[in-house]
Amino acid sequence: MVAAPMIQRGIDVKLPQSRRATSVTGERIEITIPETIRQSSLVFLGKEQIKLTNLQERVRQKLESSTNKEVFLRGDSAVQYQDLMNVIDALKAAGVQNIGMVARMPSER
């Protein structure tokens, strides 16, 4: 699933573009993958910076009280594919059933 945020929130990253993204509103669990993940092993759960090694447990805790097992990824367009897969693996291990990829429309900055 590719989604475009209605309001840009959270950590500033250069989102990739998608001409077919659909808008998503409301509260959601959002993971931001900055361009620096390869060097720092840090991601953001909402606005909280955490180590990638802690992501699985932190997301699992958040999902315990939620019936919606969905998470949205906001990744910098410069993030390497292997780093993206490492994050997705952690999310799946935490029990996430659906992962949405946040993108921006070509007309957005």
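Modeller: We can go through confidence, fold, core and salt bridges in turn.

Colleague: What kind of model is this, and what pLDDT do local features need?

Modeller: This is a predicted model in which local features need pLDDT of at least 70 and side-chain atom pairs count only at pLDDT 80 or more, while totals for chains, interfaces and linings use all residues. Residues are numbered from 1 along each chain as its sequence is written, and side-chain values use heavy atoms, with hydrogens and water left out.

Colleague: What is the mean pLDDT?

Modeller: The mean is 83, and 77% of the residues reach 70 or more. pLDDT is the predictor's confidence in each residue, from 0 to 100.

Colleague: Where does pLDDT stay under 50?

Modeller: Over residues 1-8, for which the model has 33 contacts beyond four places in sequence. Contact means heavy atoms within 4.5 Å. Where pLDDT is low, predicted coordinates should not be read in detail.

Colleague: OK, the fold. How many helices and strands are there?

Modeller: Three helices and seven strands, in the order β-β-β-α-β-β-α-β-α-β along the sequence. Both are DSSP runs numbered from the N terminus: helices are H or I with at least four residues, strands are E with at least two.

Colleague: In which sense do β6 and β7 pair?

Modeller: β6 and β7 (residues 98-102) pair in the parallel sense, over four bridges. Strands count as paired if DSSP finds at least two bridges between them. F72 stands opposite G100 in β7.

Colleague: And what do β6, α3 and β7 make?

Modeller: A right-handed β-α-β unit. Right-handed here means that, with the strands pointing away from the viewer, the path from the first strand over the helix to the second runs clockwise.

Colleague: Now the inside. How many residues are in the largest nonpolar core?

Modeller: The largest core has 22 residues, and those with the most contacts inside it are I31, V43, L55, V59, L73, V87 and L91. Such a core is a set of buried Ala, Val, Leu, Ile, Met, Phe, Trp, Tyr and Cys residues joined through side-chain atoms within 4.5 Å. Buried means under 20% relative accessible area, exposed over 50%, partly exposed in between, with a 1.4 Å probe and protein chains only.

Colleague: Which element gives the most to this core?

Modeller: α3, with five residues.

Colleague: What does L73 touch, leaving aside its neighbours within four places in sequence?

Modeller: L73 is in contact with I31, I33, L84, V87, I88, L91, I99, G100, M101 and V102.

Colleague: Switching to charges. How many salt bridges are there?

Modeller: Six, each being a side-chain nitrogen of Lys or Arg within 4 Å of a carboxyl oxygen of Asp or Glu. One of them joins E30 and R28, at 2.8 Å from N to O.

Colleague: Is that pair buried or exposed?

Modeller: E30 is buried at 8% relative accessibility, and R28 is buried at 17%. R28, E30 and R74 are linked in a network of salt bridges.

Colleague: Which residue does R58 bridge to?

Modeller: To E48, with the closest N and O atoms 2.9 Å apart. R58 lies in helix α2 and E48 in strand β5 (residues 48-51), so the pair ties together parts that are ten residues apart in sequence.

Colleague: And where do R60 and E64 lie?

Modeller: Both are in helix α2, four residues apart, about one turn of the helix. R60 is partly exposed at 32%, whereas E64 is exposed at 57%.
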